[in-house]
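Here is a short briefing on how two chains meet, to read with the model open beside you. Begin with the contact between them, then move on to the strands and the helices.

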Amino acid sequence: MENAIHATQAIVTLDVALPGIIWGWMITLNMWAKSVGTGVILVGAFLLYRHKKEEMPNLRWMMPLISFIFLNIFLLFTLTDLHQPYRMINIFLHPHWTSAITVGAWMASLFTALITVMALIGFFDAHPDVRKNCTLAKTARANSGFYEKIFPFVVFLAIPVTLYTAIIMAESSARELWQAPAEVMQMMWAALLAGSAALILISGKWSQEARRDLALVLAIATFFSFMMYMGEYFFSFKSSEAEATLAYVHSGGEYNVEFWFGMALGFIAPFFLAVSNMKSDNKTLLRFAAILALIGLYMAKDVWLKIPQMLPLS
Amino acid sequence: MKLGFLVDLNLCMGCKGCEVACKVENEVPLSSWRLRVKYIDIGTFPDTKRSFTPLRCNHCESAPCERICPVSALHYLENGIVNVDSARCIGCAGCMMACPYGAIYMDPETNTADKCTYCAHRVESGMMPACVVICPVQANIFGDVEDDTSNISQYIMAHQGSVQVRKPEKHTEPKHFYVGGGRQTLDPLAQQRIEGYSLFNNITHLDHVGDPNHGVIDRFLAPFSSHGTHDNSSMMDWTEKGGKETHEEGGH
């Protein structure tokens, strides 16, 4: 045998085939889409607090619409990843409340329902000529004030909805790399990053001040996300399992490439582009930064989701 | 009552009788294992020895799989067994992500999570688990760890100081003990897995979770197709692919 090993080490010479990646790209997409879906609400609320509605003419209907689309992507891939998708109903019929999956599914469902109402009201209010005789449109327009009434609650609910996946990861006791405090912060920054990036793409007709605030949120979110990843990448050596997990990125290979592409595209480049945009309003560059941030965020999340699953557990 | 398991690794000779008995008793499909015996070679030639480690669900008193299961498909029985209700399981694989011992698999026939149940159906009828009955050297000892007079309690008391559990730092309070184990046999991070180097096969990692021949669309169509009648036929296909189930990402 070529591999000379130390006398105290051991080699597995016969074992069964181990599982590979259990939660794959669908869960990455799930988390990424949820970050956009909740992030636009959080960043949108921040903008509405700072600026007049007139400065952001399409925000009232585009914000819930984007959220609605991405929450449905998130829910679709949540369902699709289940091996028994029709039994999803069991989460509502037989809920087990110690599970973050259960709590999250209930909160995300409620959140999506409220976002749907807001999207309908917002859309039909913004387009008074569309479906004038439709009962749904009439009802939505008649209850226009309901939008503002539920909005504070929706903003409040967006926080646990965006964070609960971090608790699922923390409940995954087998994966030492996923620690609750780090994952909670990562999820929060991811929501702010994805939310500001998504809103940047529709901010062409907004005031320069509003766009500057979006650039500021993007810059802060990319900076702290990058710092969090760097802290975990270089200094997660408190346990042998975390160290062994990080070896899959430290030692090169496709995950190393994906990780650093994610860092460069998703955090470093958008940070500098966003900072420069706060001085000079360049819509094209800011949009470019937003697209890079969304791509890079997906890549970073993908690596962090997959590498702990490659460790043999027994 | 709290049922537990103890394996005396000094007695185990790696015959894999327990593995086969478990497969037969529980009709465990191909590519899945509730119980497996891992061979580990320790040392360098000529000073080497081979160790055999049977691995199964630990039936933890604080089971992460039970905690993360969104629908209580994984639940405790009164005797401490962590049981699975496959009819309720939604196949989210949360339990597979939570179990620190890699003891749970996605059944490729039912597409639901499954694992060792200490043969709960046999225990209910007053019988011993199949792996205990088959063991030719009585390396598997099963019983009530809360009863001081039980075999397992007596064995634990007789071997105080050398009784171990896997990954105690996870605070799962496993009810599966080992005598005669060491770091090299019980800690997977203390073992090297050299890809492709195995006594009888080079399949190191599965490409699939659950049924390999039923993709995303099939999961939605399954209730309306003939796949409702379970058999092993779909699982036989992978042998025709030339055993290409090695997972290049895997290994450590």
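**Where the chains meet**

The contact draws 50 residues from chain A and 65 residues from chain B, where two residues are in contact if their C-beta atoms, placed from the backbone, lie within 7 Å. This is a predicted model, in which local features need pLDDT of at least 70, side-chain atom pairs count only at pLDDT 80 or more, and totals for chains, interfaces and linings use all residues. Residues are numbered from 1 along each chain as its sequence is written, while chains are lettered from A and ligands numbered from 1 in the order in which they are written.

**Chain A's side of the contact**

- Strand S1 (10–14), helix H3 (90–93), helix H4 (100–126), helix H6 (145–171) and helix H9 (240–250) of chain A each give at least two residues to the side that touches chain B.
- Helices (H or I, at least four residues) and strands (E, at least two) are DSSP runs, numbered from the N terminus.
- S1(A) supplies the largest share of that side, five residues.
- By class, the side of chain A that touches chain B holds 28 nonpolar, 17 polar and five charged residues.
- For these classes, Ala, Val, Leu, Ile, Met, Phe, Trp, Tyr, Cys and Pro count as nonpolar, Asp, Glu, Lys and Arg as charged, and the others, Gly among them, as polar.

- An open sheet of four strands runs in the order S3(B)-S2(B)-S1(A)-S11(B), with mixed pairing; two strands pair if DSSP finds at least two bridges between them.
- Strand S3 (47–55) and strand S11 (191–192) of chain B stand at the edges with a single partner strand each, so one side of each has no neighbour in the sheet.
- S1(A) is joined to strand S2 (residues 36–44) of chain B by four bridges, and these strands run antiparallel.
- On the other pairing of S1(A), two bridges link S1(A) with S11(B) in the parallel sense.
- A:Ala10 takes part in both pairings: its bridge partner in S2(B) is B:Ile42, and A:Ala10 stands opposite B:Gln191 in S11(B).
- Within chain B, S2(B) and S3(B) are antiparallel and joined by nine bridges, and they form a hairpin with two residues between them.
- In that pairing, B:Gly43 stands opposite B:Thr48 in S3(B).

**Helix pairs in chain A**

- The axes of H4(A) and H6(A) come within 8 Å and cross at roughly 150 degrees; axes are lines fitted to C-alpha atoms, for helices over the stretch in contact, and angles run from 0 to 180 degrees between N-to-C directions.
- That angle makes H4(A) roughly antiparallel to H6(A), on a scale where angles under 35 degrees count as roughly parallel, over 145 as roughly antiparallel, 65 to 115 as roughly perpendicular and the rest as oblique.
- The contact of H4(A) with H6(A) has 23 nonpolar, three polar and one charged residue.
- Helix H10 (residues 254–279) and helix H11 (residues 283–306) of chain A pack at about 150 degrees, with their axes 7 Å apart.
- H10(A) is therefore roughly antiparallel to H11(A).
- Their contact counts 21 nonpolar, four polar and three charged residues.

**Chain B as a whole**

- Chain B has nine helices and 11 strands.
- Among contacts in chain B between residues at least 6 apart in sequence, 61% join residues at least 24 apart.
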